[in-house]
Each structure stands twice: as C-alpha cells, then as structure tokens.
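Visitor: Can you walk me through this fold? Start with the sheet, please.

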Amino acid sequence: MITTDNDTICAAATAQGGALSIIRISGNEAISIASAACKGISINTPANTVHHTNIYDGNGKIIDDVMVSIFHGPHSYTGEDSIEISCHGSAYITTKIMESLVQRGCRQAMPGEYTQRAFLNGKLSLEQAEAVADLIASANAATHKMALSQLRGKVSSELVTLREQLLKITSLLELELDFSDHEDIEFADRHELLSLANTIDKRICKLAHSFETGNALKHGIPVAIIGKTNVGKSTLLNRLLKDERAIVSDIHGTTRDTIEDTMDINGVQFRFIDTAGIRHTTDQVEQIGIDRTYQTIDKARIILWVIDELPSKEEVGEIVKLTQDKTLLIVQNKIDKCPDNIIEINDINNKYTQIQVSAKNGIGIDALEECIFHSANIPIFTENDVIITSVRHYNALSRAHERLSYVIEALENNISGDLISEDLRLVIYHLSEITGKGIVTPNEVLENIFKNFCIGK
C-alpha cells in the first residue's frame, strides 16, 4: 500500500549476524529525533558529515558507541532528512536503539518504505525503484549488469525519448484539429507521422523482445536433463552442481520427480532440472514423473539428452519431435568404460552438438559447461544496454504495441486525427505504467504545442 503520511520512520538496514549494524531514520523529524538520542547531534549539524558519539535509551543510559551520518533533504536517498546510525552488530544493541528511536517519535518502517518514499519524492522512477530489489537479489554478473542498467535509469531514458516522440505526433494531430476550419492548413504530414510511428513501434517491439533473454537471465536459463533410466542423468546433475543433489542408484526408475537447482557458468545462472527416465512403465507414480519430464522439456531452453549406447530409431524420433524448437546437446556418458567408443547418430535432422563425458569421474564436464554456456546464445551486453526483465514491463510494452498498431493502421487509412489521438494517449499511458509517470494531460499537449510553434506570429 502506498503510504502518504509524514511519519518519521526507522529500520535496521542490515541483516543480523555481522560485526556492524546500520539503522536508518528518514522524515521531517529525523534530525531532531537523532539529536535527542545522540550526544553532540543537533538540527544545526551540517549535512553530509559523520560524527562519533554515544546513543542513549529513554532513561539516559548509554546503549552503544556509534557513528552518525547526517543527510539533509532533498539530497538523500529518500529525498527527506535522513540519519544513518552505525552501531555494533549485536541484535540486543540494534533492538535497544530501535526502541529508543520509537520512544522519541519514530515509526518502524514497513518493507520497502524507504524506496517507496524515494519514488514518491521523485528521487527514483518506478522502474528504478524496482531495480533496487533486483540489484539486492543479483546473484551473478549478468543479473547485476541488468539491475545496474535499470537502476541508472536506462529504461526510463529510453521510454522518455519514445514518449516525447509520441507526444509530438499527438500535438500535431490535435493542433490540426484546432484549425479544422481552415482546410488549407495542414500541420500533420501523415507520411512523416506514419514513418515516425513505425520507428517507435519497432523500438517498442525490440524492448519487448529483450524480455525473453532478460527473464531467462534473471530466473536462470532452464536446462532439462533427459534420457532413459540409468544412463547417468542424476550423476551428471550432481557433478554439474558439485553437490549430491539427486539420489544415484542402479535401480531403474529411482528418479520419480523433477529435481531442480541452479549454478553459475561464466557469470550466467543456469537452472538444471533432472527428470525421470523416459520409458514405458506400469508404475503409476513413476508415470507421473515421466509426464512431468515432458512438461519440463516443453519449458526448457536447452536439452541435455544423456545416452550411454546407440539409441533406437524410435527413441531418436521421439527426441527429435520433443526438441525440435530447443537447443539440443547430446551427452554421451560413461566414456570411462569405453573411451574409444564414439556413438554416431545419423537419424537427426535437427541441429545439435554432441559431447563425450564421464559424469562419474568428471571427464569432459568443463567442456560440457562451456558448451552449455555457448548454446544459450547470450547476447553481449553492458550496463548501457536496455534489457527488460520484469513481467510487468513486458505486459505494458505489449499493450503499448497493440495500441500503436491501431495508430499505424489509422494513419495508413487516413482516419480522423481525434480518433488517432485517443489511441496515442493510451500508448503513452502504457509506457508511463513502467516509469510511474502518469498519462499525458491536455495541458501537457498545449505546453508542447506552444513550445514548438509560434502560432499567430
């Protein structure tokens, strides 16, 4: 829930268990509350300074020896007067300081309230606020780059440019309506507007298309490990994860459900799913696991088909059918038993890569990891590139594209400008959903008209 109160809030900003703890205060009374609890701090204390002092409880007893940092609004994270108290990491000390601050007028902050205030005070756009959570949760180089790009406002900057271009089209069309009595005046060249609308639509589609990569990188690129029973799928999973994650047994049908875990390869997170062996069975529980194997194949981006002998034509045909729109890697396992036995499969028309490993002894695993990484076809990008990672952003872009397609069709068919303007406003609104900046207002259109044209001069 969006809070609009003027309470001064406080919260521990660090997890328990470390050597130090940081407590943050934000709000109109932040400095006066801190001055009541800390010796040597006052409302006249200069901004952007750090002070070594003591902090006291409500009875005047010293709680801890602390460092106090002073920030004056709007030059702070939240845009409000803010205080950061660095104390020793004891849970008891942190609790006592929090109690002291609440007694003096603070309210304990709700989850995300500091970033929420930063958004409400114009310090962050909505997508930048969302990026804060992504940056905290980033577990590898790829997710860190994407979150950092979003936090630096790359998406907002891109959308602001598109919004200005859309606003230009809207302004021209509405200006033409204002002069509809003068048939000889044409402000909006339909061919130019159509060209601009198509250019904007291509950029929106490109942003939306980047979601496939962004979402995969954010949640881990799904890799399904499939094959018959006892070919070493679970052993391979354990070897890749460097952990005894799956039960390994010579008994057929040991794996009866999908087993999933993630690992980092060259800074990119991959999500490996070990599946039940594909075979005909009368065991109802095992059959449920096999059914889930097919579901996993459908959702996976990369398929590791593990074999230890030449598969039958029927098996090859089934695998080809299941993986026709996937990246297929054929993993010949157990080469430690017959190092010179290279299985050749000639019945596959799909593009695939084959590699030999011994999951039991770790032979060929490094090469397999590199092969998996390159098979993902991860585009090279930096913090300056715009990659969409949020489902909410993707949905907003999709809605904007749908409305813009109506605009393009209307321009092609010379539909009235007032009808086109309404769809343009909806395009702008959907893009504004991402940044949090509201739909274009009539006043904004007028301001843009007067800014770019000298009517009556």
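Guide: Six strands make an open sheet, ordered β8-β9-β7-β10-β11-β12, with mixed pairing. Strands are DSSP runs of E, at least two residues, and helices are runs of H or I, at least four, numbered from the N terminus. Two strands pair if DSSP finds at least two bridges between them. This is a predicted model: local features need pLDDT of at least 70, side-chain atom pairs count only at pLDDT 80 or more, and totals for chains, interfaces and linings use all residues. Residues are numbered from 1 along each chain as its sequence is written, and side-chain values use heavy atoms, leaving out hydrogens and water.

Visitor: Which are the edge strands?

Guide: β8 (259–265) and β12 (352–356), each pairing on one side only.

Visitor: How many bridges join β7 to β9?

Guide: Five, and the two strands, residues 221–226 and 268–274, run parallel. I221 sits opposite F270 of β9.

Visitor: OK, the core. Which residues touch the most other members of the largest nonpolar core?

Guide: I221, L236, F270, F272, I302, L304 and I372, out of 35 residues. Such a core is a set of buried Ala, Val, Leu, Ile, Met, Phe, Trp, Tyr and Cys residues joined through side-chain atoms within 4.5 Å. Buried means under 20% relative accessible area, with a 1.4 Å probe and protein chains only.

Visitor: Which helix gives the most to this core?

Guide: Helix α11 (residues 365–375), with five residues.

Visitor: And what is I372 in contact with?

Guide: Beyond neighbours within four places in sequence, I372 contacts V223, I265, F270, F272, I302, L304 and L329. Contact means heavy atoms within 4.5 Å.

Notes:
Buried means under 20% relative accessible area, exposed over 50%, partly exposed in between (1.4 Å probe, protein chains only).
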